[in-house]
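These are my notebook entries from going through one model, written down in the order in which I looked things up. I begin with a term that I needed for reading the entries that follow.

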Amino acid sequence: MKIAAIYARVSSDQQKEENTIASQTAALVEFAREQGFSVPDEWVIEDEGFSGASLLRPGLERLRDLAAEGQIQAVLIHAPDRLSRKYAYQVLLTEEFARHGVETIFIKAPHAGTPEDQLMLQFQGMIAEYERAQILERSRRGKRHRAKAGEVSVLGGAPYGYRYIRKTTETPARYEIDATEAEVVRLVFEKYTVDGLSIGVIARLLREMGPPTRRRITRWERSVVWGMLRNPAYKGTACFNKTQVGPRQKVTKPFRLSGRAVHGEKTSAHERPRDEWIEVPVPAIVSDETFALAAERLADNKRFAPRRTIEPSLVQGLVSCRKCGYALYRTSTRSSARKIHYYRCLGSDGWRHLGGSVCDSRPIRQDLLDHIVWQEVIWLIECPELITAELDRRLDAARASEPTKKRQEAVERDLTRVSKSIERLVTAYQEALLSLDELRRRMPELRAREQGLRAELQAIRDQAADRMSFLRLAETLTAFLQRLRQSAETLDICDRQRIARLLVKEVLVDDDTITIRHSIPAQPTTPATGSEPPSSNGNAPSSDRSYLLRSGSTLAATVKHPAR
């Protein structure tokens, strides 16, 4: 009696739910019994949820190891496309099995005993590969079309904070806000954007508070909080086509044998460019302004990450070279009397570039440049009308946010329609036009829809309340700036750095020019009221307006204030 192994495979979750792999295994076991093969239970190998276009499958690896060790004499497979969807892989595997003296038997294909049978087997392999490519392309284009039409069904599931309601014959798929989870999402955004907590601190706070995660068995990790802050669904626009499959950096044998899912050589997801994303409207949990603030802080955290910085400086991470565009890093030298720090352009380092240095900029004194930028910050603080005008402009834009108004009106209309539908069902039942079973079948879905719309409407109203609290903040702005002006000169370097990063976007340096780009638009003309910027034209004789940024420089620095 020949000893054989059974191999079965399905590639999708739907096939797993429909038990197609169990039907394959049952047919193969029956075939083995009829043909007199001996198949131990541990050699019934199944690959659930793995693509046939890849050789990186745990079950297939085990089957190939059994053949190489000489423990089996035959491999029983339902059809050639279950072994692989690529004809070249089918030939490779069958020849590998044959070299080890293992016969490959497909119960739904002719035995390759004659040239005609071999030709038919080759045709089946090529047809299977063609069918796979055709299915993938049809599925891709169909999903893309539905996503552009705004159908939520292409997303497949809902992130934390939402419930995914499957489509029915009467209603499409949709997201509904989970009130309990939505409060956690708002808390995360509030702690990150308002309180300024780090992602790690927020994760620890959630673990201490104890709200359950989506899976209920895992704990809050930093990666979960980071992904939540980046998910555009929370501001009302879930996105399709965000990622694409690319090559994995390295797939080692220990990785494959560890039991982790390996679906193919190209199983690493890479983010697509933002303009390729397709937006699908969903209920919003946080406002656009809150999400934009979180995105800005994420970018700033990446830009200003301290890494190995031992001693911070005022404009660390803000200075760039106007000539070549490279950032400036801090270095130092020591004279006979003291240690002097400089900002040096990365493009001026010949050892960093194959062809030598790409920029001829000379190092800039750190203490002098920091002094210029801090004086500019003080000037901005002493002009509260600039900050007040920018705050008013942003609040006016927030009040006139047309998408928010339209969404609120649409939700109110949908809620009215659902309420009327419920009333009509109850009336029809009272008039004996509808049976009790029909009422029980249709009413829960309408109730769930009504509850979801009410939660979304409440979220929109909460956003409006947040904007009103933001308006009240402007009333205390003058007092805050007054206190800041009084303590500006006594702040330590960390506090000064935080203030500078709030008001200054970047600092561009040239041979004798400094361009400071503010976070708020400066006035095109500066009134002569004594609040002029500390540095202006280099021809001015005042020592306060002239700084030698580099050794040997005979020109004063000219500071420009472009409106942003």
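Predicted model: local features only at pLDDT ≥ 70, side-chain atom pairs only at ≥ 80, totals over all residues.

Before the first entry I wrote down what the words for accessibility stand for: a residue is buried under 20% relative accessible area, exposed over 50%, and partly exposed in between.

**Entry: the chain as a whole**

I looked up the overall make-up and found 17 helices and 17 strands in the protein chain. Of its 564 residues, 38% count as buried. I then turned to contacts between residues at least 6 apart in sequence, and noted that 65% of them join residues at least 24 apart.

**Entry: the cysteines**

How many disulfides does the structure hold? I found 0 disulfides. Cys 321 is in no disulfide, and the nearest cysteine sulfur, which belongs to Cys 359, is 3.7 Å away.

I next looked at helix 7, which covers residues 179–193, and helix 8, which covers residues 199–209; they pack at an angle of about 140° with their axes 10 Å apart. Their crossing is right-handed. From helix 7 the contact takes in Val 184, Leu 187, Val 188, Lys 191 and Tyr 192, while helix 8 brings Ile 199, Ile 202, Leu 205, Leu 206 and Met 209. Sorting these by class, I wrote down 9 nonpolar residues, no polar ones and 1 charged.

**Entry: two positive phi values**

I reminded myself that most residues other than glycine have a negative phi. Asn 241 has a phi near 70°, a positive value in a residue that is not glycine, and Asn 241 sits in the loop between strand 7 (237–240) and strand 8 (243–246). Is Asn 241 buried or exposed? With a relative accessibility of 19%, Asn 241 counts as buried.

For Ala 432 I noted a phi near 65°, again positive in a residue other than glycine. Ala 432 belongs to the loop between helix 14 (402–430) and helix 15 (436–475), and at a relative accessible area of 67% Ala 432 is exposed.

Thr 515 is part of strand 16, which spans residues 513–518, and Thr 515 is buried with a relative accessible area of 4%. Which residue does the side chain of Thr 515 meet in a polar contact? The partner is the side chain of Arg 322, at 3.1 Å.

Ser 84 I found in the loop between helix 4 (80–83) and helix 5 (87–99), buried at a relative accessible area of 0%. Leaving out residues up to four places away in sequence, I listed Gly 52, Arg 57, Tyr 89 and Gln 90 as the residues that Ser 84 touches.

Key
Residues numbered from 1 in each chain as written. Heavy atoms only, no water. Disulfide = S-S within 2.5 Å. Axes fitted to C-alpha atoms, helices over the stretch in contact; angles between N-to-C directions. Helix = DSSP H or I, 4+ residues; strand = E, 2+ residues; numbered from the N terminus. Left-handed = near helix turned anticlockwise from the far one by under 90°. Contact = heavy atoms within 4.5 Å. Nonpolar A, V, L, I, M, F, W, Y, C, P; charged D, E, K, R; others polar. Buried < 20%, exposed > 50% of the residue type's maximum accessible area, 1.4 Å probe, protein only. Polar contact = N/O pair within 3.5 Å; in protein donor to acceptor, adjacent residues only side chain to side chain.
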